[in-house]
Amino acid sequence: MSDIKLFSLSADAASELPGTAAALERDLQNQIEAHMLGFLGVHFLASEYGTGKTHKGRIDSLGLDENGCPVIIEYKRSKNENVINQGLFYLDWLLDHQAEFKWLVMEKLGKDQAESIEWSGTRLICIASDFNRFDEHAVQQINRNIELMRYRYFGKDLLLLELINAHSATQSVSTTPPVQAELPPKTRSNDKSQADRLAEAPQSLKNLYDEICQFTEQLGDEVQRKELKLYTAFKRIKNFASFLIVHGNNDPRLVIYLKLPGVEAENYPNARNVTEIGHWGTGDFELVIRDPSDLDVAQELITKSYERS
């Protein structure tokens, strides 16, 4: 079981709140699905999604995360259940039925979201009251994006979600679906990828990017770095920072988006509130850094976003 303890404090006493598992795992699933974006940074798409007569499966929860990556969520109903293998079975099905998933995203979230799915970041999240050491070891041996998340209830009003293990795939998955129904046509995007922009950036900007990425990765053991098509994301359970390389108009710069209130940008130079402004990356607080003199402020704000996430 988790060694996390929660206490209720009064003037002269500290009372431990006992942690419990859900009476019914379906109750937990219903709660996660009802508040999936707040809990996990994932847009809810479907519950108990059927995988057809041939595959004969039902995905517990299906979603699209804040970075546009497909997400499968499976809930572990007993300690002996091999939920990881089951989830991998569904991951393979999903990657083999990309057109079907795109149609689902278009129906629920719109055409723009459906056309910008990040297939290389497809994830499996396993949620359980506990995992054993064999589960944690198995995740490290599998070349898939898998996260193990432990939950505990404390009283009637408190739910703890604890990321205990996360593993990222070292190779991209195939993004070419089998021949199936296509979405309505869309003009091909001419946006350069983050990798292309980084390759073309001046060395000074590359150095700045490498230094701020290294700082962010070292904030905690649970920090995950996700290289996406258009930006680099750093997350715990949810994103807390997104980095974007820009070097057009003879103005090389690193643009950072943070999960901080946009109104707080008024207190910092080179920052602005982008709550109502469309942009790549996630977060309402935009910060621009151009040279090493900007790093101290950037590190302060990235740390603040990390601690609040």
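**A helix pair in its fold**

Analyst: Of the contacts in the protein with a separation of 6 or more, 58% are between residues 24 or more positions apart, a contact being heavy atoms within 4.5 Å. Before we zoom in: this is a predicted model, so local features need pLDDT of at least 70 and side-chain atom pairs count only at pLDDT 80 or more, while totals for chains, interfaces and linings use all residues. Numbering runs from 1 along each chain as its sequence is written, and side-chain values use heavy atoms, with hydrogens and water left out.

The protein has 10 helices and 15 strands, taken as DSSP runs numbered from the N terminus (helices H or I, at least four residues; strands E, at least two). Its C-alpha atoms fill a box of roughly 65 × 60 × 35 Å along the principal axes. Buried residues make up 46% of the 309, where buried means under 20% relative accessible area, exposed over 50% and partly exposed in between, with a 1.4 Å probe and protein chains only.

Now for the pair itself. Two packed helices are described by the angle between their axes and the distance between the axes. Helix α9 (residues 203-217) packs on helix α10 (residues 295-308) at about 35°, and their axes are 11 Å apart. Those axes are lines fitted to C-alpha atoms over the stretch in contact, and angles run from 0 to 180 degrees between N-to-C directions. The crossing of α9 past α10 is right-handed, meaning the near helix is turned clockwise from the far one by less than a right angle.

Who does the touching? On the α9 side you have L208, E211, I212, F215 and T216, and they meet L295, A298, Q299, I302 and T303 of α10. By type, the residues of this contact divide into 6 nonpolar, 3 polar and 1 charged. Here Ala, Val, Leu, Ile, Met, Phe, Trp, Tyr, Cys and Pro count as nonpolar, Asp, Glu, Lys and Arg as charged, and the others, Gly among them, as polar.

For another helix, look at L88 in α4 (residues 83-95). L88 is buried, with a relative accessible area of 16%. Not counting residues up to four places away in sequence, L88 touches L124, I142, R144 and I146.
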